[in-house]
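Open the model in your viewer and keep the selection panel at hand. We will go stop by stop, from a helix pair to a sheet, a chain contact and a single helix.

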Amino acid sequence: MEFDWTEEDLSYRSELQDFLAEELPGRWEGATAVLGSADNAEYSRRFAGLLAEKGWLTPHWPAEWGGTGATPWMLAVLGEELWSRGEPRGPQYMNVNWIGPSIMAHGTPEQCQRYLPPIAAGDVIWCQGFSEPEAGTDLASLRTRAVLDGDDYVVNGSKIWTSYGDIADHCYLLVRTDAQAERHRGISVLLMAMDSPGLVVRPIPGMVGEHSFTELFLTDVRVPVANRLGPENEGWSVVREALSFERVGAPRWARAAHVLDETVRGAMEQGQSIDPVAVEAVGVAKTACEAARMLCYRVIDERARDLPPSPHANVARVAMVQAERLVADACAALQGNEIMRYGSDSDLQMRKSLAAGVAAGTYEVQLNLVSRRHLRLPKN
Amino acid sequence: MSLDLSYRSEQSELARSVDGLCRRCGTGAGFTDSDPLPEQYWRGLAELGVLGLGTAAGGGGALEIAAAMEQLGAHGAPGPLVGTFTAGALLDPSEMEPISDGSRLASVGQPPLMPWATEAGVFVEIDSSEAWLSRPVGAPEPVDTTAGEPWGRAELERLRPLGDATAAIALGQTAAAAYLAGAAQNLVEIASQYAKDRVQFNRPIATFQAISHPLASCSVSVAASRIMARGAASAIDDGDPDAPAAAARARLSAVASATAAAYQAHQTFGAIGFTIEGPVAHVSLRIRQLSLQPIPQASARARILESLGI
């Protein structure tokens, strides 16, 4: 057992911290730091470009696609440092975590050549066209249809809760290509240009960020067959694999832990008297952040050893949701009314904590997966 | 002892009037409008006599306030409601008159961050035991809050001591508790309805115990909070010496159950709960805001410990 960082990891973290202190000075907060806002996405084009120049945007990718052979641990360090600062990669964290790797794993040489270099350069925004009005947690019931017509699929339907739909260049789109097949079969992945004729994007104002969501309406949108990722009707396994990268790729605990530390520091600096209940809330929240961190590390360790994905990822995600909520509660106990100052770190944490159990797959589904895969309980 | 947990007919009548006003002034999904305090609504509350409840001129007592606040909470209605009722127990009739008639807003809290400070005409500084009529030195610096309320940072100059604030705090906490209980009750009800309507995996999501059990659990704690708020109001009206502690208990119970109900409503509604236009977001944010008023929760806990001789 080894419970320590290597020299290499430590020096990487330190170099990264110096870089971030330089690049993200002072008031990196407000609309720019709200993941999901247009300001944040635009900021990401500049920031991700700088990361790419340093070789830190896609360090874990193969050298062929601009990677530097970084270990999963270095990637974890990168994720922690960036998430604790509100994720200045903006929506591009998805590109590097799972959209790029998914294209790498299932794409044709032409698709890889076309889509991967812009991701590695940090100047392209992707969105994911997954949920539909009637297909949320039950994603496999999606109905958006793609019908073959010559060299194109003709796509009709709608997608909802698509983050960044109004600013994305491309969409990783799930469609039904075989209406007769059993629901998990008959789904395909299309890589759709967001300027395709017939596609209308409507913003849905949300409480976690300006225009956090969009709705996509697709009417006879033509997507070339050459843009299908992986075999026809096998999109479900393509996307499941892709999302297994996503579970701990976004270390939300790191942001929560950072907000907690800063809130405590602020209270101490002001010489604020802290009542025992707030002290306990802070202790409980800090512990929950540590628990989430360790459970995420267990997943990273598996990846570092090239082990197949396991239920550890679901366990880690449950722990992250708990940590996010407990930090929000601790900030409220500690700060009182100050937590309500719109746009402050703790206010954002409070709002994010309300969404934590829904975004990126519900808490309840994660518990189902933990009970089935981890505890081996029966399904019904 | 006898226990009557229902409102008297005139209190129920008041509740119905407040409900009707909120239905007319809200947007259907509650007060999701960007206007922090729609004029028609606040004037309507004044005309119903709600803003003067608990004062000598306005009549009514804590139970009337609780009955109105449950309805206001159910609609997620805005405004310096807790501050108004707290001020009503502290200010002279002449000072209170413009607040009761809706022409002035009361900012009641602990400086420097004061509720509704940029809009307020009357400032009351309050701590865990005393209060002062005050005025801001210079214009308050505007601070927008998560729940869309125009707060402000202000240095306050004390004009006049208002004396022991124990009774006012008890009334304010009871009002907050009733609002939070009403808000939570409504969230549990609309989430339950949504769970019956929303079909995933070919069945209403309400048939999943992962959805139904947490809602059931919330409904238990919300029911307790509602009764505790009514009980505290009744104790205040009866002059019961336990009233301040009862109000503190009701308030802490309501904060806990409303916070839990908000989380569960979000879990049940999923993404639609996070939309500005949806039925949950504005209420869950207001629950957070109300949970911090009129005094810190730590002061409420201290009051309970004191009542236990600790």
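Select helix H3 (residues 62-74) and helix H6 (residues 166-197) of chain B. Their axes come within 7 Å and cross at roughly 35 degrees. Axes here are lines fitted to C-alpha atoms, for helices over the stretch in contact, and angles run from 0 to 180 degrees between N-to-C directions. Helices (H or I, at least four residues) and strands (E, at least two) are DSSP runs, numbered from the N terminus. H3(B) passes H6(B) in a right-handed crossing, meaning that the near helix is turned clockwise from the far one by less than a right angle.

Now show side chains. On H3(B), the contact includes B:Ile65, B:Met69 and B:Leu72; on H6(B), B:Leu171, B:Ala175 and B:Tyr179 are among the residues that make it. Contact requires C-beta atoms, placed from the backbone, within 7 Å. By class, this contact has 13 nonpolar, six polar and one charged residues. Ala, Val, Leu, Ile, Met, Phe, Trp, Tyr, Cys and Pro count as nonpolar, Asp, Glu, Lys and Arg as charged, and the others, Gly among them, as polar.

A note on the model: it is predicted, local features need pLDDT of at least 70, side-chain atom pairs count only at pLDDT 80 or more, and totals for chains, interfaces and linings use all residues. Residues are numbered from 1 along each chain as its sequence is written, while chains are lettered from A and ligands numbered from 1 in the order in which they are written.

Next, the sheet in chain B. Four strands form an open, mixed sheet in the order E1-E3-E4-E7; strands pair if DSSP finds at least two bridges between them. E1 (106-109) and E7 (156-164) of chain B stand at the edges with a single partner strand each, so one side of each lacks a neighbour in the sheet. The twist averages 25 degrees from one strand to the next. Zoom in on E1(B) and E3(B) (residues 122-126): they run parallel, joined by four bridges. Find B:Gly109 opposite B:Glu125.

Move to the contact between chains. Chain B gives 27 residues and chain A 29. On chain B's side, H9(B) supplies the largest share, five residues.

Finally, select H8 (residues 252-269) of chain A. Its buried residues include A:Trp253, A:Val259 and A:Leu260 (buried: 20 or more other C-beta atoms, placed from the backbone, within 10 Å of the residue's own). Helices H3 (72-84) and H10 (312-335) of chain A are among the elements that cover them. End at A:Gly271, which follows H8(A) and has a positive phi, near 65 degrees.

Note on methods: Two residues are in contact if their C-beta atoms, placed from the backbone, lie within 7 Å. A residue is buried if 20 or more other C-beta atoms lie within 10 Å of its own, exposed if 12 or fewer, and partly exposed in between; C-beta atoms are placed from the backbone.
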